[in-house]
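The sequence and structure come first.

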Amino acid sequence: MLDRIALILVIIGGINWGSIGLFQFDIVSWIFGGQDAVLSRIIYTLVAIAAVWCISLLFRESDVLATAETDE
């Protein structure tokens, strides 16, 4: 469950960065009242934590495959 939440937050962050890069429009700051607003900063922080968490997905997938190969 935590993996899915982290992935959703990373996707939101990616969409937000894409809108900044393409349109110079920050969706998060627009929704939550500017980049300096407390809610915007919380969202930015949650997205960053989720991105760090998703790094572990890279390593866990290979661990699952290695375990499956040894079980055969």
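Of the 72 residues in the protein chain, 18% are buried; buried means under 20% relative accessible area, exposed over 50%, and partly exposed in between (1.4 Å probe, protein chains only). The accessible surface of the chain comes to about 5800 Å², and carbon and sulfur atoms hold 71% of that surface. Accessible areas come from the Shrake-Rupley method with a 1.4 Å probe, and for residues only the protein chains shown count as cover.

The model is predicted: local features need pLDDT of at least 70, side-chain atom pairs count only at pLDDT 80 or more, and totals for chains, interfaces and linings use all residues. Residues are numbered from 1 along each chain as its sequence is written, and side-chain values use heavy atoms, with hydrogens and water left out.

**Confidence and layout**

The mean pLDDT of the protein chain is 88, with 83% of its residues at 70 or more; pLDDT is the predictor's confidence in each residue, from 0 to 100. The chain has 3 helices and 0 strands, and its elements run α-α-α from the N terminus on. Helices (H or I, at least four residues) and strands (E, at least two) are DSSP runs, numbered from the N terminus. Confidence is highest in helix H1 (residues 2-23), at a mean of 96, and lowest in helix H3 (residues 38-71), at 82. Where pLDDT is low, the predicted coordinates should not be read in detail.

Contact means heavy atoms within 4.5 Å. Of the contacts between residues at least 6 apart in sequence, 40% join residues at least 24 apart.

**The largest nonpolar core**

A nonpolar core is a set of buried Ala, Val, Leu, Ile, Met, Phe, Trp, Tyr and Cys residues joined through side-chain atoms within 4.5 Å. The largest one here has 5 residues: Ala6, Leu9, Val47, Ala50 and Cys54. H1 and H3 are the elements that give two or more residues to this core, and H3 gives the most, with 3 residues. Ala50 is in contact with Ala6, Leu9 and Val10, leaving aside its neighbours within four places in sequence.

**Individual residues**

| Residue | Relative accessible area | Class |
|---|---|---|
| Asn16 | 5% | buried |
| Gln24 | 74% | exposed |
| Phe25 | 36% | partly exposed |
| Trp30 | 61% | exposed |
| Ser40 | 0% | buried |

Asn16 lies in helix H1. A polar atom of the Asn16 side chain lies 2.8 Å from the backbone nitrogen of Ile27. With neighbours within four places in sequence left aside, Asn16 is in contact with Phe25, Asp26, Ile27, Val28 and Tyr44.

Gln24 lies in the loop between H1 and helix H2 (27-32). The phi angle of Gln24 is near 55°, a positive value in a residue other than glycine.

Ser40 is in helix H3. Not counting residues up to four places away in sequence, Ser40 touches Val28, Ser29, Phe32, Gly33, Gly34 and Gln35.

A search of the whole structure finds 1 aromatic pair. The ring centres of Phe25 and Trp30 are 5.6 Å apart and the ring planes are at 55°, so the pair is tilted. Rings of Phe, Tyr and Trp (its six-membered ring) pair if their centres lie within 6.5 Å; planes under 30 degrees apart count as stacked, over 60 as edge-to-face and the rest as tilted.

Notes. Polar contact = N/O pair within 3.5 Å; in protein donor to acceptor, adjacent residues only side chain to side chain.
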